[in-house]
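Me: I am new to this structure and would like to learn how to read it. Could we go through some features one at a time?

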Amino acid sequence: MTTIKAGVIGLGYIAPVHMAALRALGDVEVLAVAGARPGSARAKADQLGVPRAHDDWRDLVADPQVQVVHNCTPNFMHHAINLAAIRAGKHIVSEKPLALDAPQATELLRAVRKAGVVHAVCFKNRMLPLAREVRSRVARGDIGPVYLIHGTYLQDWLLHDTDYNWRVDPALGGVSRTVADIGSHWLDLAQFISGLQITQVCADLATFVPTRRKPSVHVEAFAHAEPGAGADTPVTVDTEDCGLVLFRFDNGARGACVLAQVCAGRKNRFVLELNGAGGSLAWDLERPNELWLGHRDRPNDTWTARAHDADDPDPFVDLFRPVYAAVRAGHMPADPTWPTFEAGYQSNVLVDAIVQSAREQRWVSSRPVE
Ligand SMILES: NC(=O)c1ccc[n+]([C@@H]2O[C@H](COP(=O)([O-])OP(=O)(O)OC[C@H]3O[C@@H](n4cnc5c(N)ncnc54)[C@H](O)[C@@H]3O)[C@@H](O)[C@H]2O)c1
C-alpha cells in the first residue's frame with residue numbers, strides 16, 4: 001500500500017501531537033513541514049525526521065506531493081491557509097477554531113463542499129470512547145428526554161499577569177479567547193453527546209487581568225518565559241478570562257457552563273453532566289474512562305470503559321484514522337464519524353453569538369444557517 005503524504009503547517013505545541021498521531025496510523029508519511037521564522041522549519045524537520053521543510057506555508061501548499069494539509073497555526077492564520085489548501089485541491093485537517101468568525105467559516109465550508117475534498121476540525125474529544133458511549137446511551141433513551149446539560153472547563157495557565165500567549169491578542173486569537181479556545185471544545189462535546197443543538201445563548205464575559213506583561217522573547221503555548229529572559233511590555237487585554245453561558249437547546253432543554261483560564265489549581269478541569277427524565281450521566285475528563293450514572297430510585301453507580309476501548313490514549317489517532325480512510329477513498333463518506341468543517345462552522349456561529357450576547361446583554365440566536 002502506498003503511503004499518504006501529509007504536510008504540517010505551524011510547528012508549536014500541537015503540531016508534534018498531529019505528527020505522532022499520523023505516524024501511529026502506519027500508512028501516512030509526514031512529508032513536509034512549514035514554520036513561521038526563516039530556518040525554524042528546517043531545524044524542526046530535522047528534529048522530527050521530516051524530509052522537506054519550508055519557510056513559507058504557501059510552498060508546502062503548492063507541493064504536488066502533499067495530499068493532506070494539517071493547519072496547526074495560531075487562529076488568525078486558519079482561514080487563509082485552509083482556503084489556499086482547499087483551492088489547491090488538498091484534503092484539509094484544521095485545528096480549531098475553524099476560523100476567526102462565522103463569515104470566514106462559512107466561506108471555508110462552502111469551499112470544501114465545492115472542492116469535494118476531505119475535511120476535519122480537531123474537536124478531538126468527540127473521539128474519546130466515553131463520548132461515543134454517552135452519545136449512544138442518550139440516543140437510545142437511557143436517561144429519557146434531556147432536561148439539563150451543564151458543566152465547566154477550567155484552566156489556570158493564564159492566571160498571572162506575566163502569563164502571555166498569542167491567544168490573548170484579538171488580532172491573533174480572535175475577539176473571544178476563553179470561549180473560542182477551550183469553551184469551543186466543551187460546547188462541541190455537549191452537543192455531540194446529547195445529539196442536541198444549542199439554539200439560543202445568554203452570556204456574561206469577564207476580563208480579570210486587564211493588563212498583561214508581554215515578554216520580548218517568543219514563548220511556546222502553555223510555557224513561561226525564563227525569569228530574566230528579556231524585558232516585557234505591559235499590554236491591555238480585553239479578550240475574556242472567563243465566560244458564563246446559559247443555553248437553550250432545540251428540544252427545550254436548558255444548559256449552563258463556566259469557562260475560565262484563571263482558576264488556580266485547575267489545569268484542565270472539564271466536567272459535563274446531563275440530567276434527563278429517567279436519570280443522569282456525568283463525566284469528568286480528568287478521569288476520561290469513568291462515567292457516573294445517577295438514579296432517583298436506586299443506588300447510583302459508575303461505568304468504566306472496557307480496557308481495550310480505554311487503551312488508546314490518543315483521540316487524535318482515533319480522529320485521523322477515519323479521516324485518512326476517506327482520503328484513501330478520495331472523498332467524504334455519506335455520514336462522517338468525525339468533526340468536519342460543518343462542526344467547525346457551527347462552533348464559530350455559536351462563539352459569535354456568545355460574544356454578541358455578552359456585548360448586548362441579551363439572549364441571542366445561535367442557529368446555524370448553512
Ligand atoms: N485540538 C486541540 O485539542 C488543540 C490543543 C492545542 C492547540 N490547538 C489549536 O492549535 C493551534 C495552534 O496552537 P498551539 O498551542 O500549537 O500554538 P503555538 O503557539 O504553540 O504554535 C503555533 C505555531 O505556529 C507558528 N506560526 C505562526 N504563524 C505562522 C505562519 N504564518 N506560518 C507557519 N507557521 C506559523 C508559530 O511560530 C508556532 O510555532 C491553535 O489554533 C489552537 O487553538 C488545538
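The dialogue below takes up strand pairing, then the domains.

Reply: This is a predicted model, so local features need pLDDT of at least 70 and side-chain atom pairs count only at pLDDT 80 or more, while totals for chains, interfaces and linings use all residues. Residues are numbered from 1 along each chain as its sequence is written.

Me: In which sense do β14 and β15 pair, and over how many bridges?

Reply: Two strands pair if DSSP finds at least two bridges between them. Strands (E, at least two residues) and helices (H or I, at least four) are DSSP runs, numbered from the N terminus. Here β14 (residues 279-284) and β15 (residues 290-294) are antiparallel, with four bridges. Alanine 282 has tryptophan 292 of β15 as its bridge partner, and a hairpin of five residues links β14 to β15.

Me: Which residue in β16 stands opposite leucine 293?

Reply: That residue is aspartate 301. β15 also pairs with β16 (residues 301-304), in the antiparallel sense and over four bridges. The hairpin between β15 and β16 runs through six residues.

Me: How is the protein chain divided into domains?

Reply: Domain bounds come from an automatic or database domain assignment. Domain 1 covers 4-124 + 316-339, and domain 2 covers 129-313 + 347-365. Their C-alpha centres are 24 Å apart.

Me: How many residues does each domain bring to the contact?

Reply: Residues are in contact if their C-beta atoms, placed from the backbone, lie within 7 Å. Domain 1 gives 17 residues and domain 2 gives 18. On the side of domain 1 that touches domain 2, α5 (102-115) and α10 (315-329) each supply at least two residues.

Note on methods:
Contact = placed C-beta atoms within 7 Å.
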